[in-house]
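Here is a short briefing on side-chain contacts. It covers a salt bridge first, then aromatic pairs.

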Amino acid sequence: MAAATNGNPSVTNPSTSLRKEWVRLNVGGTLFMTTKTTLCKDPKSFLCRICQDETDLGSEKDETGAFLIDRDPKYFGPVLNYLRHGKLVMDKNVVEEGVLEEAEFYNITD
């Protein structure tokens, strides 16, 4: 038996769609949270491909559902912030060459 809708069309729960937008990444044991929109700023990147519903990467997840990425988190943070803001900003104790190498690993070309 169908549930009564009182004439209202079915509405998608906004909190459910927002939850699907957020992505957890476990990079070298450090948890990062961001959105699919941020990760897909460069659509050909590994980070965009990892969070797609149908992906060819077969990435593993930890016990919390975060994607496991075996990389150094101190270099990943600046890469993620670059995707968020479009500018490369690094702490003075982070070597630029390491961040650029990390971006290359993730196939971020923009």
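Arg71 and Glu102 form a salt bridge through their side chains, 3.0 Å from N to O. A salt bridge here is a side-chain nitrogen of Lys or Arg within 4 Å of a carboxyl oxygen of Asp or Glu. The model is predicted: local features need pLDDT of at least 70, side-chain atom pairs count only at pLDDT 80 or more, and totals for chains, interfaces and linings use all residues. Residues are numbered from 1 along each chain as its sequence is written, and side-chain values use heavy atoms, leaving out hydrogens and water.

**Salt bridge**
- The search of the whole structure finds one salt bridge.
- Arg71 is partly exposed, at 24% relative accessible area, while Glu102 is buried, at 4%.
- Buried means under 20% relative accessible area, exposed over 50%, and partly exposed in between (1.4 Å probe, protein chains only).

**Charge over a ring**
- Arg71 also lies over the face of Phe105, 3.7 Å from the ring centre.
- This counts if NZ of Lys or CZ of Arg is within 6 Å of the ring centre and within 35 degrees of the ring normal.

**Aromatic pairs**
- The structure holds five aromatic pairs.
- Phe32 and Phe76 pair edge-to-face, 4.8 Å centre to centre, with 75° between the planes.
- Rings of Phe, Tyr and Trp (its six-membered ring) pair if their centres lie within 6.5 Å; planes under 30 degrees apart count as stacked, over 60 as edge-to-face and the rest as tilted.
- Both Phe32 and Phe76 are buried.
- Phe46 and Tyr106 have ring centres 5.9 Å apart and planes at 35°, so this pair is tilted.
- Phe46 and Tyr106 are buried.
- Ring pairs join Phe32, Phe46, Phe76, Phe105 and Tyr106 into a cluster.
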